[in-house]
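Hi everyone, thanks for coming. I'd like to walk you through one protein today, starting with the whole thing and then stopping at a few spots inside. Have a look at it first.

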Amino acid sequence: MSAFQPPQRLFIHDVAVRDGFQIEPAFIPTERKITLIDALSRTGLAKIEVTSFTSPKAIPALADAEAVMGGIERVPGVQYVALVPNARGAERALGCRADELNIVMSASESHNRANLRMSPAESLRQFADIVRLVDGQAAVNASLSTAFGCPFDGEVPDALVLERVGRFVDMGICHVTLCDTTGMANPAQVRRLCAAVMAAWPELGLTAHFHDTRGMGLANALAALDVGVRRFDASLGGLGGCPFAPGASGNVCTEDLVHMFQSMGHDTGVQLDALLTQARQLPQLVGHPVPGQIMKAGAWDRRYPLPDFGGQRSEQVRLATSPGACGGGA
Ligand code: COA
Ligand code: ZN
């Protein structure tokens with residue numbers, strides 16, 4: 001398969017209010033989170049990751065998880081997801097009627113300890129407890145952080161990722177997200193690892209979660225698309241990052257990802273203009289500029305009026321617009 005294949009139906013999950021807001025230094029007021037989620041609910045996104053049920057000491061920015069879950073409007077067709085690090089978090093998420101519990105652990109030992117203060121083995125035990133606790137009341141997705149590299153341990157072997165995914169599948173989890181927590185992945189690696197996971201478990205619902213820390217986010221998304229991935233996490237405006245991963249920065253930007261896929265002819269189900277309206281309000285909301293490109297440049301088909309040369313068009317403009325012109329150079 002190739003990224004230049006016939007149009008595909010792709011599913012976009014926005015994680016800005018969780019992955020994005022969790023690392024913002026200033027607390028985003030609960031009402032403003034709810035307003036943004038309600039607006040995002042009307043853009044055609046398949047899933048919105050609303051919040052995380054973590055320790056408020058670990059992630060104070062999302063200490064209002066219950067209030068946010070309780071305050072949003074549930075639009076039919078959108079799945080409202082909560083990130084969950086342990087069994088306690090799962091109980092809280094179920095209490096708030098999350099559609100999906102996104103349970104999280106790391107592929108690497110050191111990031112699991114830094115982020116969740118437990119060993120991967122303990123995380124796996126908690127996963128098993130959570131699956132029993134959920135017992136069909138909500139969907140369960142397992143997110144595997146540092147699947148493409150760890151800021152502490154370095155390279156993460158493919159075999160370790162496959163082993164961890166195998167443990168999830170053995171527990172009955174059929175939706176898994178491979179997360180590039182600090183943007184260490186490259187497109188060749190993404191192709192190799194995603195293809196290996198899909199070959200081993202063809203029925204698995206696989207999501208790719210990329211950060212653009214090293215400028216490879218969109219290239220990695222294309223590589224994943226190329227080998228058959230159809231679900232993508234992304235963050236409005238390109239916000240995001242794990243507070244317990246040194247050097248972490250924003251996710252691949254939702255509207256830039258949607259724009260790329262749509263301009264290639266794929267169907268994301270998302271209304272780009274509606275997404276851009278929300279993205280353009282983000283700098284004011286978070287109090288700083290955000291990395292998104294399309295919110296600044298406009299979509300590829302944006303056109304500008306020709307400069308007015310006081311009635312006399314320059315030779316350069318005349319040449320560039322004359323029939324048969326093949327472009328005015330760089
Ligand atoms: N929700 C709310 N509070 C929780 C909680 C949860 N899911 N899990 C633990 N706590 C509370 C405990 O009650 C305890 O509170 P206390 O100090 O008032 O008694 C405190 O947190 C410590 O509990 P403990 O079980 O010892 O947890 P810990 O300190 O080992 O931390 C985590 C473990 C997982 C709770 C914590 O590391 C965490 O929330 N990490 C979040 C990671 C994250 O979201 N990263 C970014 C996304 S990948
Ligand atoms: Zn992330």
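So, let's begin with what is hidden: of the 330 residues in the protein, 53% are buried. Buried here means under 20% relative accessible area, exposed means over 50%, and partly exposed is in between, with a 1.4 Å probe and protein chains only.

A quick word on where this comes from: it's a predicted model, where local features need pLDDT of at least 70 and side-chain atom pairs count only at pLDDT 80 or more, while totals for chains, interfaces and linings use all residues. Residues are numbered from 1 along each chain as its sequence is written, chains are lettered from A and ligands numbered from 1 in the order in which they are written, and side-chain values use heavy atoms, leaving out hydrogens and water.

Okay, the overall build. The protein has 14 helices and 8 strands. Those are DSSP runs numbered from the N terminus: helices are H or I with at least four residues, strands are E with at least two. The radius of gyration is 21 Å, close to the 20 Å from the globule rule for 330 residues, so the protein is as compact as a globular protein of that length. That radius is taken over C-alpha atoms, and the rule is 2.2 Å times the number of residues to the power 0.38. Along its principal axes, the C-alpha trace spans about 75 × 45 × 35 Å.

Contact just means heavy atoms within 4.5 Å.

Now let's zoom in on helix H9, residues 217-226. How many of its 10 residues are buried? The count is 7, so to speak a mostly covered helix. Buried ones include Gly217, Asn220 and Leu225. What do the buried residues of H9 pack against? Their partners are strands S6 (175-180), S7 (205-210) and S8 (231-234), plus helices H8 (187-200) and H10 (254-263). After H9 comes Gly228, with a positive phi near 115 degrees.

Next stop, Asn112, in helix H5, residues 109-116. Buried or exposed? Asn112 is buried, at a relative accessible area of 0%. Its side chain has a polar atom 2.9 Å from the backbone oxygen of Met118, and it also reaches the backbone oxygen of Ser119 at 3.3 Å. For a polar contact we want a pair of N or O atoms within 3.5 Å; within protein, one must be able to donate a hydrogen and the other to accept it, and residues adjacent in sequence count only if both atoms are side-chain atoms. Leaving aside neighbours within four places in sequence, Asn112 also touches others, including Met105, Arg117 and Ser123.

Cys253 sits in the loop between S8 and H10. Cys253 counts as buried, at 6% relative accessibility. Beyond its neighbours within four places in sequence, Cys253 is in contact with Ala234, Ser235, Gly237, Gly238 and Gly292.

Last one: Ser263, in helix H10. With 40% relative accessibility, Ser263 counts as partly exposed. A polar atom of the Ser263 side chain lies 2.9 Å from the backbone oxygen of Met260. And from Ser263 to Leu45, 218 residues away along the chain, the C-alpha atoms are separated by 17 Å.
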